[in-house]
There are 2 protein chains.
Amino acid sequence: MTSLPAHVGCRLEDIETPALILDLDAFERNVSKMADYAERAGIRLRPHAKTHRCADIARRQVEKGAVGLCCQKVGEAEALVAAGVRDVLVSNEVLDSRKLRRLAALAKTATVSLCFDAPEQVQAASEAAQELDVELGALVEIDMGMWRCGVAPGEAAAALAVLIDETPGLRFLGLQAYEGKAQHLDIYAERKEAIDHAAALVRQSIEAIEKAGLTCQVVGGGGTGTFRFEGESQLWNELQCGSYIFMDGEYAAIKGENGEPYAEFEQSLFVLSTVMSAAAPGRAVVDAGLKSYTLEKGMPTVHGRNEIRLVAASDEHGTLLLPPGLQLPLGTQIKLAPSHCDPTVNLHHTIVCVRKGAVEAVWPVSTRSASL
Amino acid sequence: MTSLPAHVGCRLEDIETPALILDLDAFERNVSKMADYAERAGIRLRPHAKTHRCADIARRQVEKGAVGLCCQKVGEAEALVAAGVRDVLVSNEVLDSRKLRRLAALAKTATVSLCFDAPEQVQAASEAAQELDVELGALVEIDMGMWRCGVAPGEAAAALAVLIDETPGLRFLGLQAYEGKAQHLDIYAERKEAIDHAAALVRQSIEAIEKAGLTCQVVGGGGTGTFRFEGESQLWNELQCGSYIFMDGEYAAIKGENGEPYAEFEQSLFVLSTVMSAAAPGRAVVDAGLKSYTLEKGMPTVHGRNEIRLVAASDEHGTLLLPPGLQLPLGTQIKLAPSHCDPTVNLHHTIVCVRKGAVEAVWPVSTRSASL
């Protein structure tokens, strides 16, 4: 039933809108740049699939040296394994025994691990693993002060590690230590300070775990805003960056070391829209609204046309404010750069891949809405 | 690949989360209440399908007397006709000739109309209709001051009506006159005043059109916040309300005539979530985040538990702030009432219908992401 916005070989101007489009050259440079960094830094890269939910992208990341992918949901893990990814971490707690059995089933054919912050969960995962006769890798998530999941760093982390180590069906691997709230601090020194603080929590936890006689093989974390700090910490050994492949308005707003715009990665993802109403002076209305991009991190920007601003959005409309004297003819294509890439991708069936003005591929967003 | 959150007959507590659930009793009362109002007021009801994107709901609305449905996108119209709806209005401008041909194809088996605010669009729609040898109904959309689509009321509306009337393949039907910005004004008198003002614009347009020798058979508009004003105006004759079936936080915030909460319709739609982390005192983390509800109109509220607030959300997490002393055990189900129903429904594959604690049906969100 659902129409596709484009077919391979068609020109950019023939894409039906609204459509999520990807600048393939910029995307490939982003993928390579992070892969090169990880290789040079001698750190494993396990990119986050929650950003793209796309098997085609996961496969490209693995081809470029990623050790596997991470994701937030069992449904995402299933889609990644179906796409051929051999090593998947659910960087999140899973409690429901039905979900844990699905995860255990995946471990029949792939290396599967997940995070823990409660004994009840250890028990439930162990039962699922034993039932399916598999072993699930286990990371203890530590609370990095982001008001989400995780046990307290130090003794509490060590106690949970010991419990996991003693529990059949689970293999203690190490720590999940993601400092999410540091990623979008706009000042470089503040991001660095946040990761310095996070590093102290990680060190304290590693020491407590070693004191209990266990070893942290894996210390995972890091994001697009801070990965160099984790990469050079000598503590983290697996980076979980996601957004670097696409970028978005939230990351475009952070600053580099000397206050310059953070331009290490390029904006590669856009919502392509078309002016469908221009009946009144001073504004134009495009055919993409709240069902094509999300607003929780602010309005999308108009790519390449700084003089135009998107000022309002309803379900299927976006209103552009035009400077005095400018008119946008009906049919004009407008590229919107999303403010937040992950939930925006999740709104679309496909990613239309464009290179040199032509569509080179149409990738399904394969695990879209796989939040179970 | 995608798992379903529930099967028919299972209990509420066995629904896998996150899941979009519908309180069927409340939903049915909402559907009936609006249908009864329209019947008593002698006004046609054409509910908006952009709210639900669900064939099962559309059919129920038609069974209760709706003359047809309206929607914003051609993909939605296709799904509605496929579901057996015989009369569909795209209450929006369509410009792309490919989309117009799809719409014309629908007119082979259903009554199909759409809105106009530009001569170029009249030309394009006429070509599609003639190519497919059908007639498309045409409403002139007038600008109600909501900074979106529509020609100026009065002479400009009449000029476009005359053009449509003279153009083959199109049948001039009347006016699209939706006052969107009035719907959520929290003070009753302000909503009334806004619709009084809108009525003047409609009257002026009808008079100009009649002066040009044409008749407005249809005057469409109205929403959940203002429908009684349009219904009693003697101007509008077709109501396009959408949200009344579900309600949301935005509508819960508006006030009735005497400042009382606007309780004409009941909250029937919830995102069911589960506490999946409770490792730190003072908070609990549920398994539903930005991929299960949208935030552009504020945070969802915790249904039936006013002492708990959802204070943060990331892709797949929602953090609940708990009052001193309260702990929420892992596995506790939490019902979140969305702040904005339309884009929240669009995030889900299914609507799980619950009555008396058991799942009675699982309805697909059939036109989900049908924004083309």
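The model is predicted: local features need pLDDT of at least 70, side-chain atom pairs count only at pLDDT 80 or more, and totals for chains, interfaces and linings use all residues. Residues are numbered from 1 along each chain as its sequence is written, chains are lettered from A in the order in which they are written, and side-chain values use heavy atoms, with hydrogens and water left out.

**Exercise 1.** Compare the span of helix 7 of chain A with the expected one, and find what covers its buried residues.

Step 1. Helices (H or I, at least four residues) and strands (E, at least two) are DSSP runs, numbered from the N terminus. Helix 7 of chain A covers residues 188-211, 24 residues in number.

Step 2. The expected span is 1.5 Å times one less than the number of residues. From first C-alpha to last, helix 7 of chain A reaches 34 Å, close to the 34 Å expected.

Step 3. Buried means under 20% relative accessible area, exposed over 50%, and partly exposed in between (1.4 Å probe, protein chains only). The buried residues of helix 7 of chain A include A:Arg191, A:Ala194, A:Ile195 and A:Ala198.

Step 4. Contact means heavy atoms within 4.5 Å. The cover over these buried residues includes helix 6 (155-166), strand 7 (170-176), strand 8 (218-221) and helix 8 (227-231) of chain A.

**Exercise 2.** Describe the salt bridge between A:Asp196 and A:Lys192.

Step 1. A salt bridge is a side-chain nitrogen of Lys or Arg within 4 Å of a carboxyl oxygen of Asp or Glu. For A:Asp196 and A:Lys192 the N to O distance is 3.5 Å.

Step 2. Both residues lie in helix 7 of chain A, four residues apart, about one turn of the helix. An α-helix has 3.6 residues a turn, so residues three or four places apart point the same way.

Step 3. A:Asp196 is partly exposed at 46% relative accessibility, and A:Lys192 is partly exposed at 35%.

**Exercise 3.** Locate the salt bridge of A:Lys50 and B:Asp315 within the contact of the two chains.

Step 1. Chain A and chain B each give 66 residues to the contact, and the count between them is 14 salt bridges.

Step 2. In the pair A:Lys50 and B:Asp315, the closest N and O atoms are 3.1 Å apart. A:Lys50 lies in the loop between strand 2 (44-45) and helix 2 (55-63) of chain A, and B:Asp315 in the loop between strand 13 (309-314) and strand 14 (317-321) of chain B, so the pair joins two chains.

Step 3. A:Lys50 and B:Asp315 are both buried.
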